[in-house]
Amino acid sequence: MKKSAAAALVLMVLLFGGAYLTATEPDEPAPETPQAQEDGEVVLTIKTGEAAERMTLRDYLVGVVRGEMPASFEMEALKAQAAAERTYVYYQLAQGRKDAHPDADFCTDHTCCSAYLSETAAKEKWAADFAPWNTRVVQAVADTDGLVALYDGEPILAVFHSSSAGSTAASGDVWTAELPYLVSVKSPEEADSVPNYYSVNTFTAEEFRTIFCKAHADARLSGDCSGWVKDILLTNAGRVASATVGGVSVTGKELRSLFGLRSAVFTVETAGDTITFHVTGYGHGVGMSQYGANELAKEGKNWQEILQWYYTGVTIGLYNG
């Protein structure tokens, strides 16, 4: 009897491919797929001065968009800014906290993380415009809730700057890493749409010598200053890649830092005992140009198209990391 029952069972398995057995067993729970979190569900520690504050990603993004982009910009540009900053947040969280603030995820110092404008500070700065402008910023964050720019499924280093001089810079032209989504692209902003698009920095020969020799004591800066800066090499995007100053080779990035220039897109003019930098644009030039984004929005592009304009090859979606 036992043998005939076993034989019948084997026959049923052969006939039905195991369906008989699995149908009588409880289903195993399917593995859970990580779900993307909404901005209000993510809690960050933000350092402000010496204090640290816990706040949601939503509140942090509102403060950053207030601080980083004029609230009067086109709505699609504000949304692009919100999504770029959200992407930047997720990218940085994956890298770990910075040495500058090991006890906080981010800080409100724009030279370290991103500019941040609190509600109180915004009320003081915007005065009667606070209500309508703050509503626009909050809406920009809400309309892009949870969405980021992805490359190969991972959040990108979504850096941005104020304005470009016709083209953005490739990441390798400014930093060391060549990132495939941070290449040089055309940017549509022009002088009439950007405050201080052109700027001038003038130094006497003695001021110039003092500043440069403090960083490079071996520089030979004597006699006629017209020959002090030479051999200027440009990147394909028109930024100063390098120059020779008093016999010392330096990068355009260093010259920008030493002399407080708004960007590394500049020419050098000497007249008598003065050296003048004529500068175009503002910022490091990599990634999204904020004024360029505003012009693209005026042309009818939505925020996703703006991000894909400045970050080559990215997709826009939820991040489950």
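Which helix lies across β1, β2 and β3? In this predicted model, local features need pLDDT of at least 70 and side-chain atom pairs count only at pLDDT 80 or more, whereas totals for chains, interfaces and linings use all residues. Residues are numbered from 1 along each chain as its sequence is written, and side-chain values use heavy atoms, with hydrogens and water left out.

Helices (H or I, at least four residues) and strands (E, at least two) are DSSP runs, numbered from the N terminus. An open sheet of 3 strands, with mixed pairing, has the order β2-β1-β3, where two strands pair if DSSP finds at least two bridges between them. The edge strands, each pairing on one side only, are β2 (51-56) and β3 (106-107). Strand β1 (residues 43-48) pairs with β2 in the antiparallel sense over 6 bridges, and Leu 44 stands opposite Met 55 in β2. The helix that lies across β1, β2 and β3 is α3 (residues 57-68), which runs at about 110° to β2; axes are lines fitted to C-alpha atoms, for helices over the stretch in contact, and angles run from 0 to 180 degrees between N-to-C directions.

Elsewhere, helix α8 (residues 205-215) packs against helix α9 (residues 252-259) at an angle of about 120°, with their axes 10 Å apart. That angle makes α8 oblique to α9, since angles under 35 degrees count as roughly parallel, over 145 as roughly antiparallel, 65 to 115 as roughly perpendicular and the rest as oblique. Phe 208, Ile 211, Phe 212 and Ala 215 in α8 meet Glu 254, Leu 255, Leu 258 and Phe 259 in α9, contact meaning heavy atoms within 4.5 Å.
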